[in-house]
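The sequence and structure come first.

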Amino acid sequence: MIVGEQKPVKEIKSYLEPYKKVLILGCGTCVKTCFAGGEEEVCELASALRLAFKQQGKKIEIEELTIERQCEDEFIRESAEAAGRNEAILTLGCGAGAQSIARRFSLMPVFPGVNTTFMGTLESQGVFTEECSGCGNCELAYFGGICPITRCSKKLMNGPCGGSSDGKCEVNKDIDCAWHLIIEKLKALGELENLNRYVPPKDWRPASGSGPRKLIREDQII
Ligand code: SF4
Ligand code: SF4
């Protein structure tokens, strides 16, 4: 999932100062799962903003709505009426969702309420870890299913660097050394010979080295 966290209310409030009618638009998929932008967060943020503006003596109408996904036009359409009733939109979607909303409602000011951080997993309740950098050419097959690009602090494809101790990364003792994990995993799988393979410098063109990427699935186009 895409992981993000809500911006501070003070920052969000500063975006909305010039407006009298604002739509807070949540997204019911990734940001809901990481407690940054689902229905509940929309409700809590709306309450906090109403209170903050009231204390300031400013009148503002805040409408709340959460759609299934902000990155798909099919769902964005469901917010068209609410968008039309307001002067600005504060989106709690990820960066992709926020840009989809800004594109769809191109004549309206659209503000981000979430800082999008990474693609990751829910490791345990409330703990999310970064797992993938979207490099465009997945090489997990050679590394026991552990991504050195994302999980090694130095992004070493031919590791380890030799600096880890007790299985922890020398750059950050709070994280596991990815290469320690890779070696242990390959050992368990009986695939240690994978480490004899020299991995050539990565071609970063599929990883946005050629600008913003586009994926076209001809078989899905009707
Ligand atoms: S190799 Fe690339 S696609 Fe695969 S997990 Fe790592 S960053 Fe993601
Ligand atoms: S200690 Fe491990 S994870 Fe950290 S930079 Fe070196 S090889 Fe990468």
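## Basis and the sheet

Two strands are said to pair if DSSP finds at least two bridges between them, and helices (H or I, at least four residues) and strands (E, at least two) are DSSP runs numbered from the N terminus. By that criterion, S2 and S4 pair in the parallel sense over four bridges. This is a predicted model, in which local features need pLDDT of at least 70 and side-chain atom pairs count only at pLDDT 80 or more, while totals for chains, interfaces and linings use all residues. Residues are numbered from 1 along each chain as its sequence is written, and chains are lettered from A and ligands numbered from 1 in the order in which they are written.

The pair S2 and S4 belongs to an open sheet of four strands, ordered S3-S2-S4-S5, with parallel pairing. Strand S3 (61-67) and S5 are the edge strands, each pairing on one side only, and the twist from one strand to the next averages 25°. Within the sheet, Leu25 stands opposite Thr91 in S4. Helix H1 lies across S2, S4 and S5 and runs at about 160° to S4, where axes are lines fitted to C-alpha atoms, for helices over the stretch in contact, and angles run from 0 to 180 degrees between N-to-C directions.

## Nonpolar cores

A nonpolar core is a set of buried Ala, Val, Leu, Ile, Met, Phe, Trp, Tyr and Cys residues joined through C-beta atoms within 7 Å; a residue is buried if 20 or more other C-beta atoms lie within 10 Å of its own, exposed if 12 or fewer, and partly exposed in between, with C-beta atoms placed from the backbone. The largest such core has 29 residues, and those with the most contacts inside it include Ile24, Leu25, Ile89 and Ile101. Among the elements that each supply at least two residues of this core are strand S1 (2-6), helix H1 (9-16), strand S2 (21-27), helix H3 (39-56) and strand S4 (88-91); S2 gives the most, with five residues.

Leaving aside neighbours within four places in sequence, Ile101 is in contact with Leu25, Gln70, Ile76, Ile89, Thr91, Gly93 and Val110, contact meaning that the two C-beta atoms, placed from the backbone, lie within 7 Å.

## Ligand shells

A residue is counted as near a ligand if its C-beta atom, placed from the backbone, lies within 6 Å of it. The residues around ligand 1 include Cys132, Cys135, Cys138 and Cys147, and this shell divides into six nonpolar, three polar and one charged. Around ligand 2 there are 15 residues, of which Cys152, Cys161, Ser164, Cys169 and Cys177 come nearest; by class they are nine nonpolar, four polar and two charged. Here Ala, Val, Leu, Ile, Met, Phe, Trp, Tyr, Cys and Pro count as nonpolar, Asp, Glu, Lys and Arg as charged, and the others, Gly among them, as polar.

## Backbone details

The loop between helix H7 (148-151) and helix H8 (178-189) contains Pro160, which is joined to Gly159 by a cis peptide bond with omega about 0°. Asp166 is found in the loop between H7 and H8 and, although not a glycine, has a positive phi near 50°; Asp166 is exposed because 8 other C-beta atoms lie within 10 Å.

Ser208, in the segment after H8, also has a positive phi, of about 75°, and counts as partly exposed because it has 13 C-beta neighbours inside 10 Å.
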